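Please look over the structure below.

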Amino acid sequence: MTSLEDLFRLAGGSAVDLEAVLRLTGQEMFHYARVLTGSPERAEDAVQDTLVALLELGASAQEIELPRAWLFTVLRRKAQRYRFGRDAAMVSLERHLGEAVDADPADRVVLQE
């Protein structure tokens, strides 16, 4: 059986095989996210967001020294966004506000409200 470390290391010039990652850690990721979010739906969203982050890394995922630690750290951060039942629209708004570093502080207050 291939380990998670092998999957990352052997990805070659392409993205890590997401199906294989899910076979190896999917249940554990879901359970962890469920504990963090308190909801199966939000847990699924957090796991999906984590997989998207992995997919976005592409071939550079090979450079991750501790893939399991990386996955669960990203998952924890994603799950925290969903912890209090905020929906995807709110998470998207927060992401957008975080990117708008040069926005007028008064505008940020209005947007957050």
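At what angle do α2 and helix α3 pack, and how far apart are their axes? In this predicted model, the angle between α2 and α3 (residues 40-57) is about 135°, and their axes are 8 Å apart. That angle makes α2 oblique to α3, because angles over 145 degrees would be needed to count as roughly antiparallel, and 65 to 115 to count as roughly perpendicular. The crossing of α2 and α3 is right-handed.

Which residues bring the two helices into contact? From α2 come Leu18, Val21, Leu22, Met29, Phe30, Ala33, Arg34 and Thr37. On the side of α3 they meet Pro40, Arg42, Ala43, Glu44, Ala46, Val47, Thr50, Leu51, Leu54 and Leu55. By residue type, this contact of α2 with α3 divides into 13 nonpolar, 2 polar and 3 charged residues.

Helix α2 also takes part in a link to another helix. Its residue Glu28 forms a salt bridge with Arg68 through their side chains, at 2.3 Å from N to O. Glu28 lies in α2 (residues 18-37) and Arg68 in helix α4 (residues 67-82). The two residues are 40 apart, and the pair links distant parts of the chain. The count of salt bridges comes to 1.

How values were computed: Residues numbered from 1 in each chain as written. Predicted model: local features only at pLDDT ≥ 70, side-chain atom pairs only at ≥ 80, totals over all residues. Heavy atoms only, no water. Salt bridge = Lys/Arg side-chain N within 4 Å of Asp/Glu carboxyl O. Helix = DSSP H or I, 4+ residues; strand = E, 2+ residues; numbered from the N terminus. Axes fitted to C-alpha atoms, helices over the stretch in contact; angles between N-to-C directions. Parallel < 35°, antiparallel > 145°, perpendicular 65-115°, else oblique. Left-handed = near helix turned anticlockwise from the far one by under 90°. Contact = heavy atoms within 4.5 Å. Nonpolar A, V, L, I, M, F, W, Y, C, P; charged D, E, K, R; others polar.
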